[in-house]
Amino acid sequence: MADAARERRIVEDVPKKLLIGGRERDATDTRTFPVEDPSTGEILCEVADASPEDGMAALDAAARAQADWAATAPRERGEILRRAFEMIIEQSDEIAMLMTLEMGKPLAESKAEITYAAEFFRWFSEEAVRITGEWRTNANGNGRVLVMRQPIGPCLLITPWNFPLAMGTRKIGPAIAAGCTMVIKPAALTPLTILKLADILTKAGLPEGVLNVVTTKSTGRVMGPLIADGRIRKLSFTGSTEVGRTLIEQSAQQVLKTSMELGGNAPFIVCADADVDAAVEGAMLAKMRNIGEACTAANRFYVHADVAEEFTKKLVDRMGSMTIGRGVDEGVEVGPLVEADQRDKVAELVDDAVQKGAKVRTGGQVPSGAGYFYPPTVLADVPTSARLVKEEIFGPVAPVFTFTEDEQAVRAANDTEFGLVSYLYTKDLQRAIRLSERLEAGMVGLNQGMVSNAGAPFGGVKQSGLGREGGDVGIDEYLEIKYVALTV
């Protein structure tokens, strides 16, 4: 069993106040909101609940710090990120415990997220000194073209609850490397991890005002005025497509540069020639990573009829044998969903599919007791009329459909408003390339169940978002291009 005293200490050590201009402070009206342990429903602590005035104070601080930070040497910016990377790795055990307590995922998954999240700081610490420009002669030979890339300015970063560290470092890393100041608003369900990260960055030498943290339950009320303020020049959001549409609309008033990593409805295609055992392994990663609460989670499994029963049986065996419990306890593989509403939505989608004819092969019932648990569930014979065909499940549920022709699978896979990631299993190289090109997604997992990589461009098409995070293009989201015309 977990050590309750250690859990309390780790939570107590995290700053609970707003971070504005390098200073920790209470909300102006001293209001707070609770942070819950989803495995028990108990309150872990209270954190500051910012007002619109607090949000504006954070923007004031970011705006004041922008000029000096943009003028800071790229190497110095990179070294801050490098030091923070090392501190995250050194403190990974405690950060993992903190993340598990507020979000629910098993400790092993929290530790994996920390490794992934820290890589964004290491990657962008190296990119800070590689911001390039261009110098060339005009076509007529009478002039020169100078192209420079400069920090876009103060940024507003809004992060989700499901990967509280990685979604923070994926935005903060390139902003720091590019020379941008920031206001970050973490998800109200999981604010502690970002507060811990901000503390690490402060100790790593990040100057006052470069990163300002605003925790609040009233996102629209506090963030709306910032989006409408002309000093914010960039908005980066990870979350639902519904909220993303609203933010894009609001951002249009100031013509903000936006990057949006929104919802997903990932297809997982298993062709007749696939290695079924490898496909099951990949399915476990693509479906059960983060308890299924991931925009990259496989949402619809399209399996060729020739291997459908073998694949389904093996997937049932794997998912049905997973250990459910508090994420901090040893041996637990499946933690709770993040809140009651999220569990209710997953249960509602499963019930809808069953009522329409789907067969439950394992799971499918909300367990009794405390916490927001839902068992790993496999559904077979799922009708296309089921809501989960179109809606993102965001939970540990794998609906299996069958196909007989490649064209049928691609057509079904693309029949969604989303286009974040697709997964494809086949041994045939020509088929792999042909189908990968035709799948309408920003990323394809080819014979693997995970696409996340700090060194690769992460993002989607259609209503899964705009822009890319990570890779050598990730820093471009935080830079403006300026052209200078010269006569010689």
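Predicted model: local features only at pLDDT ≥ 70, side-chain atom pairs only at ≥ 80, totals over all residues.

Trainee: Where does Thr72 lie?

Mentor: Thr72 is in the loop that links α2 (52-70) and α3 (74-90).

Trainee: And what does the side chain of Thr72 reach?

Mentor: The backbone oxygen of Asp68, at 3.0 Å.

Trainee: OK, switching to the sheet. What's the strand order in the open sheet of 7 strands?

Mentor: The order goes β14-β15-β16-β13-β12-β17-β18, and the pairing is mixed. On the edges you have β14 (359-362) and β18 (443-446), each of which pairs on one side only. On average, neighbouring strands of this sheet are turned by 25° against each other, if you ignore direction.

Trainee: Which helix packs on the sheet?

Mentor: That's α12 (residues 340-355), which touches β14, β15 (377-380) and β16 (397-403). The direction of α12 makes about 25° with that of β15.

Trainee: Back to the β18 end. How many bridges join β17 to β18?

Mentor: There are 4, and the two strands run parallel; β17 covers residues 421-425. As for a specific pair, Val421 has Met443 in β18 as its bridge partner.

Trainee: Now the loop between β15 and β16. Which residue there has a phi near 55°, and is it buried or exposed?

Mentor: Asp381 is one, with a positive phi near 55° even though it isn't glycine. Asp381 sits in the loop between β15 and β16, and it counts as exposed because its relative accessible area is 55%, over the 50% limit.

Trainee: And what about Phe394 in that loop?

Mentor: Phe394 also lies between β15 and β16, and its phi is positive too, near 55°. Phe394 counts as buried, though, because its relative accessibility is 13%.

Trainee: Last topic, the hydrophobics. How many residues are in the largest nonpolar core?

Mentor: The largest nonpolar core has 63 residues. Those with the most contacts inside it are Ile88, Phe121, Ile172, Met182, Leu192, Leu201 and Leu211.

Trainee: Pick Leu211. What does it touch?

Mentor: Leaving out residues up to four places away in sequence, Leu211 touches Leu19, Ile172, Met182, Ile184, Ala198, Leu201 and Leu206. A second, separate core has 60 residues, including Val270, Val316, Val397 and Val400.

Note on methods
Residues numbered from 1 in each chain as written. Heavy atoms only, no water. Pairing = 2+ DSSP bridges. Axes fitted to C-alpha atoms, helices over the stretch in contact; angles between N-to-C directions. Contact = heavy atoms within 4.5 Å. Polar contact = N/O pair within 3.5 Å; in protein donor to acceptor, adjacent residues only side chain to side chain. Core = buried A, V, L, I, M, F, W, Y, C linked by side-chain atoms within 4.5 Å. Buried < 20%, exposed > 50% of the residue type's maximum accessible area, 1.4 Å probe, protein only.
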